[in-house]
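Let's take a walk through this protein model together. Have a look at the sequence and the structure, then read on.

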Amino acid sequence: MMKHTVWVAMVAFWPAVAQSSTDEAWAELRDRTVAECTRLAQDAAPDAELSVTPNEFGTETHALALVVATLPDLSSELSVCLLDKQTGAAQLSVPFQDLPDTLQP
């Protein structure tokens, strides 16, 4: 009887435990994505004001972030940052050229 009660309790509370763990894992991935992408962007444009917008869900294998670097002359550049979810390695694209006006940062 005791084993049955423990099993029922575990099954009843499992979704809450799994959900909070998942929320924590997504938050950790989002924070890691922002930190790594910010580091790469600062290395590429040390004098720029940066805006990093994460999309950590990204793909099955990578978290993504849009990086806007506003340079001292007030021009802005848009890049994409990829973070490998398994290895943690991050990469920053070169800035996009000739974006349509609706996509200008």
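## A sheet, a helix and a link

In this predicted model, four strands make up an open sheet with antiparallel pairing, in the order E1-E2-E3-E4. At the edges you'll find strand E1 (49-55) and strand E4 (90-92), each of which pairs on one side only. From one strand to the next, the twist averages 20 degrees.

Now zoom in on strands E2 and E3. They run antiparallel and are joined by nine bridges. Here's one of those pairings: His62 has Asp84 in E3 as its bridge partner.

| Strand | Residues |
|---|---|
| E2 | 62-70 |
| E3 | 76-84 |

Next up is helix H1, which covers residues 2-44 and includes Thr33. Is Thr33 buried or exposed? Thr33 counts as buried because its relative accessible area is 0%, and the cut-off for buried is under 20%. A polar atom of the Thr33 side chain lies 2.8 Å from the backbone oxygen of Leu29. Looking past its neighbours within four places in sequence, Thr33 is in contact with Pro54, Glu56, Ala63, Leu64, Ala65 and Leu83.

Finally, there's a disulfide to spot. A disulfide is a covalent bond between the sulfur atoms of two cysteines. Here Cys37 and Cys81 form one, with their sulfur atoms 2.1 Å apart. This pair ties together distant parts of the chain: Cys37 sits in helix H1 and Cys81 in strand E3, 44 residues apart. The link of Cys37 and Cys81 is left-handed, with -90 degrees about the S-S bond. Both Cys37 and Cys81 are buried.

Key: Residues are numbered from 1 along each chain as its sequence is written. This is a predicted model: local features need pLDDT of at least 70, side-chain atom pairs count only at pLDDT 80 or more; totals for chains, interfaces and linings use all residues. Side-chain values use heavy atoms; hydrogens and water are left out. Two strands pair if DSSP finds at least two bridges between them. Helices (H or I, at least four residues) and strands (E, at least two) are DSSP runs, numbered from the N terminus. Axes are lines fitted to C-alpha atoms, for helices over the stretch in contact, and angles run from 0 to 180 degrees between N-to-C directions. Buried means under 20% relative accessible area, exposed over 50%, partly exposed in between (1.4 Å probe, protein chains only). A polar contact is a pair of N or O atoms within 3.5 Å; within protein, one must be able to donate a hydrogen and the other to accept it, and residues adjacent in sequence count only if both atoms are side-chain atoms. Contact means heavy atoms within 4.5 Å. A disulfide is a pair of cysteine sulfur atoms within 2.5 Å.
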